[in-house]
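Please look over the sequence and the model first, then read the points below.

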Amino acid sequence: PRIELQGESLIRDYTIHVYIYGTVNAPQAVFSSEPPLPQEEIISLLATGTTRAELTGGGNVLASRALLLLGKELYRKIFKKGGGEEPKSDSIFNRLSVEFSGPDPRTGEQSATAKYKVNERVVLIGDLGVAGDFRGQVKYVIRFR
């Protein structure tokens, strides 16, 4: 038997396209993204929610991913009696991402960025610096096809 599947997913600011084809015993997969990323970066983004460059950028990124996963697990244990149920696709955890950046090359300061996807077109972004500086943004996404 042969298979031919196509899929699309929006992860952070990337639209990921996956095309799987071939025989059941030897499937082939092709990944592409908008904006363009190498296949290795796309696979890392699908698996961890971050690119390889971000993962190797420092422990802060790994700590933020671990904290988010811990928060999801606590939410499930406290509010979902089954404990193993995945959050719905529109839950706050699937719409929220938190990232800790390394030192800015210009200022040398670290910052934390939280992004909340209100819907397919609107993203709320908040940056908090080490000194307590806060910057809020509303991002409106326009896609040309």
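Predicted model: local features only at pLDDT ≥ 70, side-chain atom pairs only at ≥ 80, totals over all residues.

Residues are numbered from 1 along each chain as its sequence is written, and side-chain values use heavy atoms, with hydrogens and water left out.

**Overall make-up**

- The chain has 4 helices and 7 strands; helices (H or I, at least four residues) and strands (E, at least two) are DSSP runs, numbered from the N terminus.
- Along the sequence these elements follow the pattern β-β-β-α-α-α-α-β-β-β-β.
- The chain has 145 residues, and 25% of them count as buried; buried means under 20% relative accessible area, exposed over 50%, and partly exposed in between (1.4 Å probe, protein chains only).
- Of the contacts between residues at least 6 apart in sequence, 17% join residues at least 24 apart, where contact means heavy atoms within 4.5 Å.

- Strand β6 covers residues 122–129, and it is largely enclosed by the rest of the structure because 6 of its 8 residues are buried.
- Strand β5 (residues 111–117) pairs with β6 in the antiparallel sense over 7 bridges; two strands pair if DSSP finds at least two bridges between them.
- A hairpin through 4 residues joins β5 to β6.
- Ser111 has Gly129 in β6 as its bridge partner.
- β6 also pairs with strand β7 (residues 134–140), in the antiparallel sense and over 7 bridges.
- Val122 has Tyr140 in β7 as its bridge partner.
- In a regular strand the side chains alternate between the two faces of the sheet.

**Salt bridges**

- The structure holds 2 salt bridges, each a side-chain nitrogen of Lys or Arg within 4 Å of a carboxyl oxygen of Asp or Glu.
- One links Lys117 and Glu120, whose closest N and O atoms are 3.2 Å apart.
- Lys117 is partly exposed at 22% relative accessibility, whereas Glu120 is exposed at 52%.
- Another links Asp127 and Arg135, with the closest N and O atoms 2.4 Å apart.
- Asp127 is buried at 14% relative accessibility, whereas Arg135 is partly exposed at 46%.

**Aromatic pair**

- There is 1 aromatic pair in the structure.
- It joins Tyr19 and Tyr21 and is stacked, at 5.2 Å centre to centre with 20° between the planes.
- Rings of Phe, Tyr and Trp (its six-membered ring) pair if their centres lie within 6.5 Å; planes under 30 degrees apart count as stacked, over 60 as edge-to-face and the rest as tilted.
- Tyr19 has a relative accessible area of 28%, so it counts as partly exposed.
- Tyr21 is also partly exposed, at 30% relative accessibility.

**A cis peptide bond**

- The peptide bond from Glu34 to Pro35 is cis, with omega near -10°.
- Pro35 sits in the loop between β3 (27–34) and α1 (39–48).
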